[in-house]
Amino acid sequence: MAAANPLQSLKADATCPICLEFYKDPVTIDCGHNFCRACILGCPKGLGQALQCPQCRVACARVRLRANRQLQSIVESVRQLSLQQERAEEGGLCQEHEEKLKLFCEEDKKLICVICRESRDHRSHTALPIKEATMEYKDELQSWLHLLMKEKEEIMASKQKVEEKFKAIKIKLVTGRQRLVAEFQRLYQRLKVQEQDMLKRLAVMDRKITMSENAKVAELSGQISPLDALIKEIQAKCHQSAESFLQDYRSTLSRCEKAKFREPEKIIHEPREAWWNYKELVTLDPDTANHQLILSEGGRRVRWTPEREILPAGPKRFTSEGDVLGREGFLSGRHYWEVQLLQAEYYWVIGVARESVSRREGPLMAGIWALSWYISEYQAITDDPSSSSGYSEALLALHDPPRKLGMFLDYEAGRLSLYNTETLEHLHTFTEATFSGRVLPYFHLSQTEIRII
């Protein structure tokens, strides 16, 4: 191996290990290492105010920095020699022999003259003419250039793929955002329509309640007018003479006996004990229950669930949401059963249905007689073959929301009466119902839970 260039060794010795430049105002610290004064003072402190040597990590006192004049002088000499070498190389002359540089030493990777070639430093080295060395090393760099350009192309291709991938993701994001906005707009419009529909229904209910109120008030007012006339007549008679008073006493007394208050509507049709004589044990038929209903083990309790249960298919099972029939059917006679509403948050329909009722329609359909509730609105739903839909609806004004429903069925009379069994209020009676074949208890539930008592 060739000996190191003495000038290069001197340059290394004259270079600060921190800034890697020639020393400027060199100082020596306690451990013996040299640094530029500004470089060592800029190093982080160790414990207390001590400096930590960047080379050996020994803590040294800041106050004991010693200026190295001798090193400063050596640095100046090395700087001058470096400048001379640079000028010589720029002029194409060997600094040592002042001959033209014509060869390139492959071991030392430097230009040399023919005298250097024969010296001990380079005699065993391979030396090439400058032109030949230039061509050889240019070819080597061209090979590296080709490899680097190929690697750049691969990186550029990967960069393009990444950009395209994220562009596709952003397009999906924009599309998803647009779809989300459109879906919420659709839901908003649907809710707006439902709101308008409910407001219309409430307005109709309000008009019917007002009409019912006015009719009852008018009926009661009609009873007040003759009473006022009779009261005035009696007051006048009380001021008449005995002969005049007694002369028409019997007629006045007869009219007083007839002037009794009459209720506009008789609420309680018959005592609960009469219904109870026809009490039936009603259970639910699991073979008819829709996939969104969960029945209790005894079939006396059922609740709606948003999840679809896995149930075997069958001809009796309802495919419409929330429907189920009672197991027991009636072909004749009188029958009574009660239903307790354990939870009612959205919608329910409770009544009776023909056994032949379609299992593939919604809850409001032909073949049923039932009371329905939907957000404080009550309706009587009646089978009506003359209607295009096969059924008719009538809005009801109920005094108190029922928590327990009593249902009294008179098959031969074609009547189904519904009662609030807690207040004994008569809710509605379906009259002249056309019962043909078996009729069964019918239930449609949505976000509702009931128990058959």
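Me: In what order do the strands of the open sheet of three strands run?
Reply: Strands (E) are DSSP runs of at least two residues, numbered from the N terminus, and two strands pair if DSSP finds at least two bridges between them. Here the order is E7-E6-E8, with antiparallel pairing. Strand E7 (110-112) and strand E8 (127-129) are the edges; each has a single partner strand, so one side of each lacks a neighbour in the sheet. From one strand to the next the twist averages 40 degrees, where axes are lines fitted to C-alpha atoms and angles between N-to-C directions run from 0 to 180 degrees.

Me: Over how many bridges do E6 and E8 pair?
Reply: Strand E6 (residues 103-105) pairs with E8 over three bridges, in the antiparallel sense. Phe104 stands opposite Leu128 in E8.

Me: What conventions apply to the model?
Reply: The model is predicted: local features need pLDDT of at least 70, side-chain atom pairs count only at pLDDT 80 or more, and totals for chains, interfaces and linings use all residues. Residues are numbered from 1 along each chain as its sequence is written, and side-chain values use heavy atoms, leaving out hydrogens and water.

Me: Which residues have the most contacts inside the largest nonpolar core?
Reply: In soluble globular proteins, nonpolar side chains tend to be buried together. A nonpolar core joins buried (under 20% relative accessible area, 1.4 Å probe, protein chains only) Ala, Val, Leu, Ile, Met, Phe, Trp, Tyr and Cys residues through side-chain atoms within 4.5 Å. The largest has 36 residues, and Trp337, Trp348, Ile350, Leu371, Phe435 and Phe443 have the most contacts inside it. Its largest share, six residues, comes from E12.

Note on methods. Buried means under 20% relative accessible area, exposed over 50%, partly exposed in between (1.4 Å probe, protein chains only). Helices (H or I, at least four residues) and strands (E, at least two) are DSSP runs, numbered from the N terminus.
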